[in-house]
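I am opening a page for this protein. I will look up a handful of items and write down what I find.

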Amino acid sequence: SGAVRVIKLIVGNEEVSDRDRRALDAVLKENNDCHLRPVADLKNIQGSFGEINRLNISQCQLTDLDPKDDWASLTELLASDNRIASIPPSISRLRHLTMLNLSSNNISTVPDELGDLDSLEYLDLGHNQLSSLPLHLSKLRHLITLKLDHNCFSTFPSVILHLQKLTYLNLSFNQLTDMP
């Protein structure tokens, strides 16, 4: 058919009418890539994300991250350059994630539940306020890339030694005084 298929959807901060909201809901159901910017609050996002594989909510001025039940099919979540202060334990709902980018936020701790994302291959936590990592992250058996640059680490996070598939590690711009 001659129909146009939307590959990437970008929604700005304009007020969305009910008619447009229904159209947005229809597009979200038919496509697998969505970029929302800026929304300030994920509770304001309407529509179903059940078929979306990649969600980019970077630069949305978000202060919290609360994965919705219908985000379960996501394989990529990009939420960089926000004001997110913590990663909620509910992140473990996103079992299919292979890529998670939470760089350039205000995150100071990582919950154990992040280690439950056993499909994760790429994790970017750079440009945050981290000084330690939970041992539970050793369960990330498919992790290949780990970015922890521009944080507050003074000692090498020992959990990294248990990440057997890790091939790229960035710990630059930390205050490391101890290496294994």
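I first asked: does D116 count as buried or exposed? I read 16% relative accessibility for D116, so it counts as buried, where buried means under 20% relative accessible area, exposed over 50%, and partly exposed in between (1.4 Å probe, protein chains only). I then looked for a partner and found that the side chains of D116 and K139 meet in a salt bridge, at 3.2 Å from N to O. The term stands for a side-chain nitrogen of Lys or Arg within 4 Å of a carboxyl oxygen of Asp or Glu. D116 sits in the loop between strand 5 and strand 6 (122-124) and K139 in the loop between strand 6 and strand 7 (145-147), so the pair ties together parts that are 23 residues apart in sequence. K139 is partly exposed, at 41% relative accessible area.

**Entry: basis of the model**

I note that the model is predicted, that local features need pLDDT of at least 70 and side-chain atom pairs count only at pLDDT 80 or more, while totals for chains, interfaces and linings use all residues. Residues are numbered from 1 along each chain as its sequence is written, and side-chain values use heavy atoms, with hydrogens and water left out.

I looked up the confidence, given as pLDDT (the predictor's confidence in each residue, from 0 to 100). The protein averages a pLDDT of 82, and 72% of the residues score at least 70. Over residues 1-17 the pLDDT stays under 50, and for this stretch the model has 26 contacts beyond four places in sequence. A contact here is a case of heavy atoms within 4.5 Å.

**Entry: overall layout**

I list 1 helix and 8 strands for the protein. Along the sequence the pattern reads β-α-β-β-β-β-β-β-β. Of the 180 residues in the protein, 43% are buried. Among contacts with a separation of 6 or more, 23% join residues 24 or more positions apart. The accessible surface comes to about 9400 Å², and carbon and sulfur atoms hold 47% of it; the areas come from the Shrake-Rupley method with a 1.4 Å probe, and for residues only the protein chains shown count as cover.

**Entry: the other salt bridges**

How many salt bridges are there by the rule above? I get a count of 4. Side chains of opposite charge can pair when their charged atoms come close.

E76 forms one with R54, with the closest N and O atoms 2.9 Å apart. This pair links distant parts of the chain, as E76 is in strand 4 (residues 76-78) and R54 in strand 3 (residues 54-56), 22 residues apart. I find E76 partly exposed at 23%, and R54 is partly exposed at 23%.

D69 forms another with R93, and here the closest N and O atoms are 3.3 Å apart. D69 is in the loop between strand 3 and strand 4 and R93 in the loop between strand 4 and strand 5 (99-101), a link across 24 residues. D69 is exposed, at 61%, whereas R93 is partly exposed, at 39%.

**Entry: cysteines**

I searched the whole structure for disulfides and found 0, taking a disulfide as a pair of cysteine sulfur atoms within 2.5 Å. C60 is buried, with 0% relative accessible area, and C152 counts as partly exposed at 31%.

**Entry: N174**

Which residues does N174 contact, leaving aside its neighbours within four places in sequence? I get L148, D149, H150, N151, C152 and F153. N174 lies in the segment after strand 8 (168-170) and is buried at 16%. Its side chain reaches the backbone nitrogen of C152 at 3.2 Å. The backbone nitrogen of N151 also lies 3.2 Å from a polar atom of the N174 side chain.

**Entry: loop residues**

L62 is in the loop between strand 3 and strand 4 and is buried, at 0%. I took the C-alpha to C-alpha distance from L62 to A85 and got 9.4 Å, for 23 residues of separation in sequence.

Q59 is not a glycine, yet has a positive phi of about 55 degrees. Q59 is also in the loop between strand 3 and strand 4, and is partly exposed at 43%. H127, not a glycine either, has a positive phi of about 60 degrees. I place H127 in the loop between strand 6 and strand 7, partly exposed at 36%.

Conventions: Helices (H or I, at least four residues) and strands (E, at least two) are DSSP runs, numbered from the N terminus. A polar contact is a pair of N or O atoms within 3.5 Å; within protein, one must be able to donate a hydrogen and the other to accept it, and residues adjacent in sequence count only if both atoms are side-chain atoms.
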